[in-house]
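Please walk me through this structure, part by part. I have not looked at it before.

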Amino acid sequence: MPLNAGASLYRRSLKLALDWAVHRHIWRGQAVYIRSLFEANKHVRDPRQQKALLQETEKLLETWKHPDPYRAPTAPGGSKYERNIPAPQLPRE
């Protein structure tokens with residue numbers, strides 16, 4: 001697998017698993033399982049097989065996409081986003 005594409009899919013897989021897991025200790029077991037799946041395919045060198053693996057993983061991520069993914073509270077879309085914004089400083093005349 002190309003390093004950056006594989007790493008990107010791995011990170012996205014972990015974030016997706018975190019969306020579905022209620023507690024971090026539950027997520028950790030899923031993260032270890034995801035890591036084992038990626039480790040099992042790290043020795044694939046054939047570009048066609050790599051491409052097929054990447055496409056298959058993309059399909060799985062799309063299938064398991066959470067309808068309401070976790071967002072940090074202060075991030076755009078979070079529950080605290082733009083809450084208590086400081087008042088704009090107006091020029092004094």
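Where is Glu-82 found? Glu-82 sits in the segment after α3. Here helices (H or I, at least four residues) and strands (E, at least two) are DSSP runs, numbered from the N terminus. This is a predicted model, in which local features need pLDDT of at least 70 and side-chain atom pairs count only at pLDDT 80 or more, while totals for chains, interfaces and linings use all residues. Residues are numbered from 1 along each chain as its sequence is written, and side-chain values use heavy atoms, with hydrogens and water left out.

Stay with Glu-82 for a moment. Its phi is near 60°, a positive value in a residue other than glycine. Most residues other than glycine have a negative phi. Glu-82 counts as exposed because its relative accessibility is 52%. The classes are buried (under 20% relative accessible area), exposed (over 50%) and partly exposed (in between), with a 1.4 Å probe and protein chains only.

Now turn to the annotated region. The unreviewed UniProt entry carries the annotation "domain: Complex 1 LYR protein" over residues 8–62. Such annotations may be inferred rather than shown by experiment. Over residues 8–62 the chain is 84% helix and 0% strand. The end C-alpha atoms of that stretch are 14 Å apart.

Next comes the core. A nonpolar core is a set of buried Ala, Val, Leu, Ile, Met, Phe, Trp, Tyr and Cys residues joined through side-chain atoms within 4.5 Å. The largest one has 11 residues, including Leu-16, Trp-27, Ile-34, Phe-38 and Leu-61. Helices α1, α2 and α3 each give two or more residues to this core. In soluble globular proteins, nonpolar side chains tend to be buried together. Leaving aside neighbours within four places in sequence, Leu-16 is in contact (heavy atoms within 4.5 Å) with Leu-61, Trp-64, Lys-65 and His-66.

What is the volume of the largest pocket? It is about 580 Å³. A pocket is an open set of points on a 1 Å grid over the protein atoms alone, where a 1.4 Å probe fits, with protein on both sides within 12 Å along at least five of seven lines; lining residues have an atom within 4 Å of a point. Of the 17 lining residues, the closest to the centre are Ser-13, Tyr-33, Ile-34, Leu-37 and Leu-60. Helices α1 (3–20), α2 (24–40) and α3 (47–63) each supply at least two residues of the lining.

Two of those central residues deserve a look. Ser-13 lies in helix α1. Ser-13 is buried, because its relative accessible area is 9%. Beyond four places in sequence, Ser-13 touches Ile-34, Phe-38 and Leu-61. Leu-37 is found in helix α2. At 41% relative accessibility, Leu-37 is partly exposed.

Last, the loop between α2 and α3 holds His-43. His-43 is exposed, at 58% relative accessibility. From His-43 to Thr-74 is 31 residues in sequence and 40 Å in space, C-alpha to C-alpha.

Key:
Grid points are joined across faces, edges and corners, and a volume is the space filled by probe spheres set on the points.
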